[in-house]
Amino acid sequence: MAQRHSTPPRGLMSVTKSPEFEGRFGRLFPEVPPAEFGATEQDNEKNLAALGAKMSAGFDPPKDGKDDEESGIPALYTYLAQFIDHDITFDPASSLQMQKDPDALTDFRSPAFDLDNVYGRGPDDQPALYDGGNAFLLGDPISGGDPNAADLPRNTAKIRRALIGDPRNDENAIVSQLQGLMLRFHNRTLADNPNAKNPTEAFNQAQKLVRFHYQFVILNDLLPRIVDSAILDAYKSNGHYDKTKLKFYHPKKWPFMPVEFSVAAYRLGHSMIRPGYRLNDAVLLPIFPVPAATAPGFSQGLTGFRAMISNWGIDWGRFIDIDVRPYDGTPFENQIRLQFAYRIDTSVVNPLSTLPAAVASNPSSLPQRNLLRGWRLGLPSGQSVAKAMGIVPLADKDIRIGKGVDSPAPGEEPVSISTLGSAFQGNCPLWTYILAEAMHHQTTVKIPVNGNVSITTPRLGPVGGGIVTEVFLGLMFEDPASLLSSDHTWRPKNNPNYALKDFVKYALGT
C-alpha cells in the first residue's frame, strides 16, 4: 500500500466506527478498498498526472458560433449544478480541504436542499443580508443584459465582498448573478403573497415556496438532463420517487455527504464548462484570464470575489431558453445566440487545465487535482464501485479518454485508457470512469432554437447516475421539510412542466 501525502480526514472512516454519526463526509461503499495506481506515492502521482494531462484539451478560445463540443443542455445548468453543490455542502466551520475534524457538530448544518447559501441564518440572526425586513438587499445596478439587473450587496472594504449566505457564490460572474436571481425570486415571492398574519409568517411562507420551486426544478428538470432516464425511472413507483428504491444511501441518523458523490460523481460539471461565455453583446471572456503568450486579448476572465463590473450584466437568453434564439454558424453580428454546456465526457477545457496561480498551483491542472484528491481520499476504482452496485463494469477498451464529439478531428480521437499503462488496467479512477460511462449513454435532444435542431447529449450512466440520484433523493427524503418528504404532490401553479427557464423568468419579473 502506497503512503499518501495526507491521510483521509477521520470522519471519512466513521461510517464503520460510529453507530450514531457518519461525520460531515462518509462513504456509500465503505467495504470497497481504495484504488492504487502505482507501487509508491511517486508512482501514483506520476500516473495520475499523465491521465490528467490526457483529459486536458488544448487551448480553445471562447466563441460565439456553433461548437461541436456542445450538448443539448443550456449553459446555465452548469452553474445551477455549482450553486446546488454550495447549497448541500454548506459548512461555515471548516472544509474537507482544511481537514478539520469531520466528526465535530459545532456550527454544522446537515446537507440539504434548503437554500441556506441564500438565506444564511435568516433575517433575525443575519440581518446584514436583508433590507430591514424580510426582503433581501440587492447591490448596485449593472448593465448589458436584464434592465433590472443588480450586483450582489457588498461591504465597503477596498475589495468589496458580497453579503450573502455563502461567499462561494461570488466566485465567478455567472454563479454570482444566479445568486442574485435567487434573491430576486424570494423578493418577488414575498411581494406576491401579502396575506400573511405577520412578518415572520410572511417570510416563512415565501421561503417555503422558493425552496419548493427550487427543489421541483432539481427533481424534474436538472436530474433528467444529466442522468439517463432509465436510471431515474428505476427509483420511481407509480410515477413518483420512492424512498424504498434507494439501495446505497442510508444514513444511520444524520445525512452525510458521500465522498463517492462529492469527489467523483458530482464533478461531472467540470467537463460541462465552456472555455468562456458571452454575457451580453459587449462581453465575451474566458472563465479565467489567458496569458498573452497563449492568446492575446483575454487578460480578463469571468472571475469573482469583487464588485461586478458595471457592464457585465447577463443577457439570460444566452444561458437558458427563456426565449427562442438561433443556433446556426452565422457570424455573431447576425445572431444573439443561446450557449450550451459542453458534453459530459473525459475532456476538460484548457482554462481549467492551467489554473491561474491565484486559484491553484502544484498542480495547476484541475483534472490532475481531481484525480489526486480522489486517490488521497481513498476512493475505489470505477470498476470496483460498479461491481458493488451490481453493475457489469465497462471494459478498458470502452473507457475512452478525450472529447466526445460526433466527428473527432484527425489525431484527436479518444483513446482507450489501457493505452496509458498497466496502472489503469481494470482500475480506472472513479471520476474518470463516471465521465467515460456517460459517453456510452447518449440521447438526441431537440434544442430550443429557430429551426428543427437536435444534438447528441451524453448523460450519466448507471454508476454516475446511480450515485447522483441516490444522494439527491436521499438528501430530500432525509429532510422532513423537503418537497419529497412533506408534500410530494405539490406542483408549481398552472405549469406541470415547470423548469429552470420558468424560475428565471419569474425572478426577472416576466
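Student: What does K243 count as, going by relative accessibility?
Tutor: Heads-up: this is a predicted model, where local features need pLDDT of at least 70, side-chain atom pairs count only at pLDDT 80 or more, and totals for chains, interfaces and linings use all residues. Residues are numbered from 1 along each chain as its sequence is written, and side-chain values use heavy atoms, leaving out hydrogens and water. Buried means under 20% relative accessible area, exposed over 50%, and partly exposed in between (1.4 Å probe, protein chains only). K243 comes out at 43%, so K243 counts as partly exposed.

Student: Which residue does K243 meet in a salt bridge?
Tutor: A salt bridge here is a side-chain nitrogen of Lys or Arg within 4 Å of a carboxyl oxygen of Asp or Glu. At 3.8 Å, N to O, the partner of K243 is E478.

Student: How many residues apart are E478 and K243?
Tutor: Helices (H or I, at least four residues) and strands (E, at least two) are DSSP runs, numbered from the N terminus. E478 belongs to helix α14 (residues 462–478), while K243 is in the loop between β4 (240–241) and β5 (257–258). So E478 is partly exposed at 25%, and the pair links distant parts of the chain, with a separation of 235 residues.

Student: Are R154 and D170 buried or exposed?
Tutor: Their side chains form a salt bridge at 2.9 Å, N to O. Both lie in the loop between α4 (122–125) and α5 (173–191), 16 residues apart. As for cover, R154 and D170 are each buried.

Student: What about D398 and K397: what does K397 count as?
Tutor: Those two side chains also meet in a salt bridge, at 3.4 Å, N to O. D398 is at 23%, so D398 counts as partly exposed. K397 reaches 60%, so K397 counts as exposed.

Student: How many salt bridges does a search of the whole structure find?
Tutor: Some are joined up: D60, K63 and D67 are linked in a network. Searching the whole structure gives a total of 20.

Student: Which residue of β12 stands opposite T444?
Tutor: Strands pair if DSSP finds at least two bridges between them. Strand β11 (residues 442–446) and β12 run antiparallel, joined by five bridges. Strand β12 (residues 454–458) has four of its five residues buried. Opposite T444 stands T456.

Student: At about what angle do α1 and α11 pack?
Tutor: Axes are lines fitted to C-alpha atoms, for helices over the stretch in contact (heavy atoms within 4.5 Å), and angles run from 0 to 180 degrees between N-to-C directions. Helix α1 (residues 41–54) and helix α11 (residues 366–376) have axes 8 Å apart and pack at about 145°.
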